[in-house]
Amino acid sequence: MSILNIGVLASGRGSNLQSIIDACAAGLIPARVAVVISDNPKAYALSRASLAGIPAVHVWPRDFNSREAYEQQIIHTLTAHNAGLVCLAGYMRLVGRELLQAFPGRILNIHPALLPAFPGLHAQEQAWRYGVKYSGCTVHFVDEGMDTGPIIIQAVVPVWEGDTADQLAERILAEEHRIYPEAIRLFATGKLALEGRRVRVKE
């Protein structure tokens, strides 16, 4: 089976990026992170990439006159590294039409809530403030909406009495690190079938 090249887009510390790098290195998925791209020059995700010997590229949105031009540069960089899958790992921008059309059905995202509940920013705190008894995380295909794409895999995390939002977020993060590599493995091994809004796992 051929190795899948992954391009990762990240804006922050890159802990999910690290879980992907580690899973690839351990042979848990037939894939390799081929390039990491960030819109934030101070993102620790770039340092993680460099430490792992992965090309780390900063693409500054302010250098471009439009989102379309910015995304064209992202596409150029991904294509130059033969990326067959794009994974968002704490990427703090909505993906636009340019990128979606360049990688149809080949962009994944991890979100720290049980979608469709609590999309957008600070999802763990949203759930905690709402008083839910269970939260979790979701890996989904990316579409033009905010956290609205078809769901691939979810993990449930209980909210304990006395939890703080930060404590809940830490337990959710542990599950993110588990299910994101698993979703990538399913994609890389051809086990995902997208049927409308439903994602069928073929194993």
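Predicted model: local features only at pLDDT ≥ 70, side-chain atom pairs only at ≥ 80, totals over all residues.

Me: Which strands does helix H2 lie across, and at what angle does H2 run to S3?

Reply: H2 covers residues 44-51. The strands it lies across are S1, S2 and S3. Its direction relative to S3 is about 150°.

Me: Which strands stand at the edges of the sheet?

Reply: The open sheet has 7 strands with mixed pairing, in the order S3-S2-S1-S4-S5-S6-S7. An edge strand here has a single partner, so one side of it is left without a neighbour in the sheet. That picks out S3 (56-58) and S7 (151-158).

Me: What is the bridge partner of Ser-38 in S3?

Reply: S2 (residues 31-38) and S3 run parallel, joined by 3 bridges. Ser-38 is paired in S3 with His-58.

Me: How many disulfides does the structure hold?

Reply: A disulfide here needs two cysteine sulfurs within 2.5 Å. For Cys-87, the closest cysteine sulfur is in Cys-24 at 8.7 Å, so that's too far for a bond. Cys-137 is in no disulfide either, with the sulfur of Cys-87 its nearest at 15 Å. The count is 0.

Me: In the hairpin of S8 and S9, which residue takes a positive phi?

Reply: S8 (residues 192-195) and S9 (residues 198-201) run antiparallel, with 4 bridges joining them. Glu-195 stands opposite Arg-198, and 2 residues sit between the strands. The one with a positive phi, near 65°, is Gly-196.

Conventions:
Residues numbered from 1 in each chain as written. Heavy atoms only, no water. Pairing = 2+ DSSP bridges. Contact = heavy atoms within 4.5 Å. Axes fitted to C-alpha atoms, helices over the stretch in contact; angles between N-to-C directions.
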